[in-house]
Amino acid sequence: MNALIITIHVIACVTLVVLVLLQSGKEGMGVIFGGGGGSLFGATGAGGLLGKLTAGAATVFFLTSMVFTYISTQQHVAPKESIVIDMPVTQTPAEQPAAPEQKQ
């Protein structure tokens, strides 16, 4: 189960990075690929498609992060009872301090 969630999380991370880098800025999509125009996704650009894909990847990333947090808190829950409370108390007599040695 954890391996599947880790795999989904890593894929979402890589996808999210790529999609954010593909977002058009001032220069357009062509700068990313070394070209001179934004015609890769058509004349209107890829704003709508990339925005939806980025939102989906961000949602998957957020959900897998929340699942990791939940799993981590379940593994670190302290037990309800302590073994120290159940241990019998043993009284040890207090030792008498040694008498100071006299110098001769």
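**Exercise 1. Is His 9 buried or exposed, and what is its relative accessible area?**

Before we start, note that this is a predicted model, in which local features need pLDDT of at least 70 and side-chain atom pairs count only at pLDDT 80 or more, while totals for chains, interfaces and linings use all residues. Residues are numbered from 1 along each chain as its sequence is written, and side-chain values use heavy atoms, with hydrogens and water left out.

*Step 1.* Recall the cut-offs: buried is under 20% relative accessible area, exposed is over 50%, and partly exposed is in between, using a 1.4 Å probe and protein chains only.

*Step 2.* His 9 has a relative accessible area of 14%, so the residue is buried.

*Step 3.* Now look at the partners of His 9: leaving aside neighbours within four places in sequence, His 9 is in contact (heavy atoms within 4.5 Å) with Phe 61, Thr 64, Ser 65 and Phe 68.

**Exercise 2. Check the span of helix α1, then find its buried side.**

*Step 1.* The expected span is 1.5 Å times one less than the number of residues.

*Step 2.* For the 21 residues of α1 (residues 2-22) this should give 30 Å, and the end C-alpha atoms are 30 Å apart, which agrees.

*Step 3.* List the buried residues of α1: Ile 5, His 9, Ala 12, Leu 16, Leu 19 and Leu 22.

*Step 4.* These residues cover an arc of only 150° around the axis, so they lie on the same side of α1; the arc is taken from the directions from the helix axis to the C-beta atoms.

*Step 5.* The spacing makes sense, because an α-helix has 3.6 residues a turn, so residues three or four places apart point the same way.

**Exercise 3. Classify Thr 54 and Val 10.**

*Step 1.* Thr 54 is in helix α3 (residues 47-75), and its 15% relative accessibility makes Thr 54 buried.

*Step 2.* Not counting residues up to four places away in sequence, Thr 54 touches Leu 16, Leu 19, Val 20 and Gln 23.

*Step 3.* Val 10, in helix α1, has a relative accessible area of 45%, so Val 10 is partly exposed.

Conventions:
Helices (H or I, at least four residues) and strands (E, at least two) are DSSP runs, numbered from the N terminus.
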